[in-house]
Amino acid sequence: MHPNVNSLFAHPKSELPKIKSNNARTVVVTGGSSGIGLATVEKFASEGYGKVFALARNVNRPELVDLVKKYPNIHPFALDVTSSEEAIQEAIKSFGKIDIFINNAGSGLIGTAESFSIEQIRNLYEVNYFGPIKLIQAILPGMRAAKEGAILNVSSCVSLAPDLLQSPYSGSKAALEHFLAQINFDLYKYAQNIAEPLNIRIANINPGFVSTNFKAPVGSKQIGKEGGYSFIEANIARWNDSLHKGQSPADSANLLFELAHQEKCNFWNSADPRVLDGNAKKIYHDPTGNQYSHGVSMAKYQHLLDDKNNSEVLSVQNEKTAPSLM
Ligand SMILES: NC(=O)c1ccc[n+]([C@@H]2O[C@H](COP(=O)([O-])OP(=O)(O)OC[C@H]3O[C@@H](n4cnc5c(N)ncnc54)[C@H](OP(=O)(O)O)[C@@H]3O)[C@@H](O)[C@H]2O)c1
């Protein structure tokens with residue numbers, strides 16, 4: 001029997017009580033106008049949350065406008081996550097106390113590593129990495145002051161296991177996940193030094209394909225067949241096809257809702273059972289086969305080395321050279 005690595009991260013003074021769904025609670029969802037974000041906004045609004053802020057650049061999309069007619073507790077708010085730190089701080093301040101922040105807005109890119117201009121990759125990171133960091137920096141002080149809250153992140157299964165043609169996208173998702181994993185551990189230490197329990201939970205979902213409007217522009221340098229990558233066109237077509245055959249956005253929304261209400265939640269959560277059968281299982285999966293683990297933190301690494309029962313945990317964590325899914 002192997003110990004559950006997640007237990008290493010249980011906040012010491014926290015019982016992580018259920019976050020109650022009630023009309024005094026505020027949820028902020030980025031990318032709340034479409035796909036997973038829109039489904040998440042609908043889920044929290046339909047469950048009676050007091051204020052559900054749906055953020056996007058364009059909040060006039062008909063799907064969101066229609067939802068607002070149905071649920072007056074939805075508040076559309078125009079914000080580009082790549083805005084300045086000052087603009088993001090101001091927006092966050094205007095929402096009052098935030099109980100749940102769902103980082104969902106994201107962009108894609110598809111192609112071979114050599115086909116992207118650095119500007120394309122930088123722009124992707126502005127949306128998928130720097131934007132969320134600006135939001136989290138604006139939100140975390142309020143959650144620490146309130147000693148409660150949840151930050152839930154919509155990542156992707158390709159941050160855990162490589163697919164084809166996703167190098168900047170998967171990197172941007174993995175970078176944010178690890179930024180959050182580190183915050184999780186920093187808060188664990190922080191909680192040891194304050195008098196009251198700290199009930200801030202941080203979790204990450206890793207969907208597979210989801211049927212949404214998600215777009216992935218191709219590399220601007222157009223290195224394809226002529227560059228020796230004969231599989232590029234077929235795989236861009238496969239990617240588009242798989243997206244349309246993907247899960248319902250409601251599946252991810254339901255998982256996010258569930259995580260917000262669990263007494264304890266894992267950090268990594270597959271949103272697609274098919275992913276659990278793939279390479280992700282070998283990389284970040286708990287050796288029991290039942291759940292993602294938190295991975296090994298350096299601060300706990302020595303304990304794991306000292307405990308011979310954990311040798312298999314470590315060997316699972318080190319299997320980072322998994323072959324392609326294809
Ligand atoms: N669909 C999939 O198969 C899949 C799989 C795994 C992970 N994901 C992740 O799921 C998340 C949601 O994607 P989705 O599939 O639901 O796509 P979607 O239908 O295209 O929705 C994307 C949302 O993000 C918003 N957005 C994009 N850029 C933004 C920016 N700069 N500032 C503010 N909002 C921005 C969009 O609104 P505006 O354009 O109006 O700003 C829209 O509301 C993304 O993080 C994506 O990486 C998707």
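Figure 1. Among contacts in the protein between residues at least 6 apart in sequence, 77% join residues at least 24 apart. The model is a predicted one. The protein is built with 11 helices and 7 strands. It has 326 residues, of which 42% count as buried.

**Figure 2. Close-up of the packing of helix 4 and helix 5.** Two packed helices are described by the angle between their axes and the distance between the axes. For helix 4 (residues 118-146) and helix 5 (residues 167-192), the angle is about 20 degrees and the axes are 10 Å apart. Angles under 35 degrees count as roughly parallel, so helix 4 is roughly parallel to helix 5. The crossing of the two helices is right-handed.

**Figure 3. Close-up of the residues in the contact of helix 4 with helix 5.** On the helix 4 side, the contact is made by Ile121, Leu124, Tyr125, Asn128, Tyr129, Pro132 and Ile133. On the helix 5 side, Pro168, Tyr169, Ser172, Lys173, Ala175, Leu176 and Phe179 take part. The residues of this contact divide into 11 nonpolar, 2 polar and 1 charged.

Notes. Residues are numbered from 1 along each chain as its sequence is written. This is a predicted model: local features need pLDDT of at least 70, side-chain atom pairs count only at pLDDT 80 or more; totals for chains, interfaces and linings use all residues. Helices (H or I, at least four residues) and strands (E, at least two) are DSSP runs, numbered from the N terminus. A residue is buried if 20 or more other C-beta atoms lie within 10 Å of its own, exposed if 12 or fewer, and partly exposed in between; C-beta atoms are placed from the backbone. Two residues are in contact if their C-beta atoms, placed from the backbone, lie within 7 Å. Axes are lines fitted to C-alpha atoms, for helices over the stretch in contact, and angles run from 0 to 180 degrees between N-to-C directions. Angles under 35 degrees count as roughly parallel, over 145 as roughly antiparallel, 65 to 115 as roughly perpendicular and the rest as oblique. A crossing is left-handed if the near helix is turned anticlockwise from the far one by less than a right angle, and right-handed if clockwise. Ala, Val, Leu, Ile, Met, Phe, Trp, Tyr, Cys and Pro count as nonpolar, Asp, Glu, Lys and Arg as charged, and the others, Gly among them, as polar.
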